[in-house]
Structures are given as structure tokens and as C-alpha cells.
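Please walk through the model shown here, moving from individual loop residues to the core and then to the charged contacts.

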Amino acid sequence: MSEHIEIEAKVLLLKEEYESIIDYLGLTRYKKVSQTNYYIDTSDSFLKKNGIALRVREKSDQFELTLKTPLSEGLLEKNETMSWRDFDLLKEKNFFPEGGIKKFLAILGVDVDDLKILTSLTTERIEIKYKDSTISVDKNRYSDIVDYELEVEATSMENAQQIALDILKNSNIENSTFNKVSKQARALNALRK
């Protein structure tokens, strides 16, 4: 199991703003990588109510289980690779795989037998290194919704937000605000509507 602290500034974009950022950063020549996130919780949203996010990411026929818990700045992210068999057992039979994340969930008081995949979101992502940060420009599809997002991951929230503001300004985008609603929350909220 790997762990790291994730500090990201995120901005939801209009389609035209998304295209403007791609042009400004010269990303038209970059390959878009597709990934699908499968979001996991209990029927009564136990994880969400406790600020915890749990997902499986499928990317290039690889599966990664990720648990995110809040810190004072950013999120503690724990990752484990999964076999396609383990993913299939989780998806079809709600059988949660053995490992460090399962043990950590038990410490948090989560009954893994109550967890199930509730919804998914597919992202077309362009990701680059930029000014000591990682920039992701995303097109997301979930339920019947398409949205666009800029994510800047950096060593501090202040740094991430400043880089995001610089990109927005240089892309001639005004009146954007930082997004506090994660992809997982947006996909789950769309499911509940």
C-alpha cells in the first residue's frame, strides 16, 4: 500500500474555458488518457458523512483501490493495486478485497460488508508537469452529465491556487471560483437526483 498527501486546487470550467486552457498550455498534441472511477459507499452514505472517499480507478486495464481521508490541508490518500478478479468480485458480489485499506476501514469502524459500488465517472485527462506542480485538464462523464475541470496538485494549497489563477488569467478566463465539490460527490449527487 502506498500513501501520499494530495493537495489540489480545482476549478469547474465551461467547455469553451476548457478548450481555452488546452490552447494556452499547448495541450492539443498531448494524448487524452481515459480512466473510469467507480465510487464506493454504503447505502446510507456512511463514508461521505464522515468525509471519507473510496474508489476503484480503472486505467489501461489496471485497477487501483484508493481511500482518501481529510487532513488539515489536503487529503491522506492510500492506494493499493487490485487484480481484475478482485474488482469483478467487488463489482458483482460486493466482496471487498483483503489488504491495508480494508484493515484501515475496520479501524475507522466501517463494516466493509455494507460497501458497494454506487456509480462511476469516466474522465478523459491530459496531465502535465507545470511549474513544480501537476496539471490535469479533465472532461468528465457521469449519469447524463458532461463537465470540465482544471486540477492543480502542488505542495501547498496556496501554491496550487496561485498556479490555477495564473493559468485562468493567461487563458482569458474570468469569474471562476475554486471548486470544493469532488468528482465523487458530483457523481453521487447526480445519482441521487
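## Loops, core and charge pairs

At 71% relative accessibility, Asn-172 counts as exposed. This is a predicted model, and Asn-172 sits in the loop between H5 and helix H6 (183–192). Its phi is near 60 degrees, a positive value in a residue other than glycine. Asn-94 has a positive phi of about 55 degrees, although it is not a glycine. Asn-94 belongs to the loop between helix H3 (84–93) and H4, and with 32% relative accessibility it counts as partly exposed.

Two further loop positions can be set beside these. Asp-113 lies between helix H4 (100–107) and strand E7 (116–130), and it is exposed, with a relative accessible area of 63%. Together with Asp-44, Asp-111 and Asp-114, Asp-113 forms a negative surface patch. Ser-45, in the loop between strand E3 (33–41) and helix H2 (46–49), is buried at 10% relative accessibility. Ser-45 and Glu-16 are 29 residues apart in sequence, and their C-alpha atoms are 34 Å apart in space.

The largest nonpolar core has 23 residues, of which Leu-13, Ile-21, Ile-135, Val-137, Leu-150 and Ile-167 touch the most other members. At least two residues of this core come from each of strand E2 (8–13), helix H1 (15–24), E7, strand E8 (133–142), strand E9 (145–153) and helix H5 (157–170). H5 gives the most, with five residues.

Which residue forms a salt bridge with Lys-78? The partner is Glu-3, and the closest N and O atoms are 2.2 Å apart. Lys-78 lies in strand E6 (residues 75–82) and Glu-3 in strand E1 (residues 2–6), so the pair ties together parts that are 75 residues apart in sequence. Lys-78 is buried, with a relative accessible area of 6%, whereas Glu-3 is partly exposed at 46%.

Arg-125 is buried at 9% relative accessibility. Its side chain meets that of Glu-127 in a salt bridge of 3.9 Å, N to O, and Glu-127 is partly exposed at 48%. Arg-125 also forms a salt bridge with Asp-138, where the closest N and O atoms are 2.8 Å apart. Because Arg-125 lies in strand E7 and Asp-138 in strand E8, this pair ties together parts that are 13 residues apart in sequence. Asp-138 is buried, at 0% relative accessibility. Through shared partners, salt bridges join Arg-125, Glu-127 and Asp-138 into one network with Glu-8, Lys-10, Asp-147, Glu-149, Glu-151, Lys-183 and Arg-186. The count of salt bridges comes to 15.

Notes
Residues are numbered from 1 along each chain as its sequence is written. This is a predicted model: local features need pLDDT of at least 70, side-chain atom pairs count only at pLDDT 80 or more; totals for chains, interfaces and linings use all residues. Side-chain values use heavy atoms; hydrogens and water are left out. Patches are made of residues with over 30% relative accessible area and no salt bridge: like charges are joined within 9 Å, nonpolar side chains (Val, Leu, Ile, Met, Phe, Trp, Tyr) within 5 Å. Accessible areas come from the Shrake-Rupley method with a 1.4 Å probe; for residues, only the protein chains shown count as cover. A salt bridge is a side-chain nitrogen of Lys or Arg within 4 Å of a carboxyl oxygen of Asp or Glu. Lys and Arg count as positive and Asp and Glu as negative; His and the chain ends are not counted. The place of a charge is taken as NZ of Lys, CZ of Arg, CG of Asp or CD of Glu. Helices (H or I, at least four residues) and strands (E, at least two) are DSSP runs, numbered from the N terminus. Buried means under 20% relative accessible area, exposed over 50%, partly exposed in between (1.4 Å probe, protein chains only). A nonpolar core is a set of buried Ala, Val, Leu, Ile, Met, Phe, Trp, Tyr and Cys residues joined through side-chain atoms within 4.5 Å.
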